[in-house]
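Subject: Structure handover

Hello,

Here is the structure I promised to pass on. Please open it first; my notes follow below.

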Amino acid sequence: MSISIDDISLANDLVFSEVMRRPENVKPFLEAVLEKKVAEITYIEKQQDIKDGFELHGVRLDVALADADETRYDIEMQTGHAYDLERRIRFYQSSIDRRALEPAESYRQLRESYIIFICTDDYYGRGLALYERKSVIEGAEDLTYKDGSHAYILNAAFTVQNMNEPALEFLRYVNARYRRLAIDISGSDYLTQIDRAVEDIKSDKGKVERLMTLAAKIEDVRFYTRKEALEEGRAEGRAEGRAEGRAEGERSAMVGLIKRLLEKQKTLEEISDICGLDLDEVKKIAEGE
């Protein structure tokens, strides 16, 4: 398995983390999406791991940052089909919030926080450029439930322009580079700056080699673990000497693989990608059904 240098764009989460960890790149993006001025960026961490314990599920944030007002932001790049974004956002939000208060501080001092997913594909299938979560009180919808948390799911493949033009231009750029479509960015100093940053990474032989090696390793793990499971299943099925035995053997091997991946703290979504199974099927196996 290999990855071509032509596949390297801002939609690659490793490239995205490298480019957007720079204040001059991330601040204009935030201001365009949120449609407001953002205070000076005071902290940025790329590919940050958050985990409360060895046996607990952790998260790896693409770009975690804070501004001078102590507002927290997490920006994620999601390529291809996404699973359970709502629950992922909930988990990411809680992971950030647990680290936002000092021991002596009260809950009213909990900072505003934003989780922003940039998706290459339309998660909800409604064509909107922006899907923004808003909480209200049922039966009194004029009341807004304000807990200081915000969730945005952006759609690079949008057909409905429900964002401002700078934000839409950014999404068009992501979509064009991801799908290798022609796009003229000469009229945007910001997108030219972003594109130059991506090209700088691609022109750095050392960075490209590390990037391509890591990406290839991820693809190899998915390919060979699935292949191994299928081969084990076929071998066991042949030993049974019947079509029924072969099918049963393949499922047995797949169940064993899923259990091993669960023991290694892999998420259900990761296991679904590795094994090439529907998420619902992985859930059933994980629950012993």
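What percentage of the 289 residues of the chain count as buried? The figure is 39%, where buried means under 20% relative accessible area, exposed over 50% and partly exposed in between, with a 1.4 Å probe and protein chains only.

Some ground rules. This is a predicted model, in which local features need pLDDT of at least 70, side-chain atom pairs count only at pLDDT 80 or more, and totals for chains, interfaces and linings use all residues. Residues are numbered from 1 along each chain as its sequence is written, and side-chain values use heavy atoms, with hydrogens and water left out.

The chain has nine helices and eight strands. These are DSSP runs numbered from the N terminus, with at least four residues for helices (H or I) and at least two for strands (E). Of the contacts (heavy atoms within 4.5 Å) with a separation of 6 or more, 60% are between residues 24 or more positions apart.

Start with strand E4, residues 113-119. Seven of its seven residues are buried. In a regular strand, side chains alternate between the two faces of the sheet. In E4 both faces are covered. Ser 113, Ile 115, Phe 117 and Cys 119 lie on one side; Tyr 114, Ile 116 and Ile 118 lie on the other.

E4 has these partners. Strands pair if DSSP finds at least two bridges between them. Strand E3 (residues 72-78) runs parallel to E4, joined by seven bridges. Glu 76 has Phe 117 in E4 as its bridge partner. From E3 the chain crosses through helix H3 (residues 85-97) to E4, a right-handed β-α-β crossover: with the strands pointing away from the viewer, the path from the first strand over the helix to the second runs clockwise. Strand E8 (residues 149-155) also pairs with E4 in the parallel sense, over seven bridges. Here Ile 116 is partnered by Tyr 152 in E8.

Next, Lys 27. This residue is found in helix H2 (residues 23-34). Lys 27 counts as partly exposed because its relative accessibility is 24%. Beyond neighbours within four places in sequence, Lys 27 contacts Val 38, Ala 39, Glu 40 and Ile 41. Its C-alpha atom is separated by 8.9 Å from that of Lys 37, ten residues apart along the chain.

Best wishes
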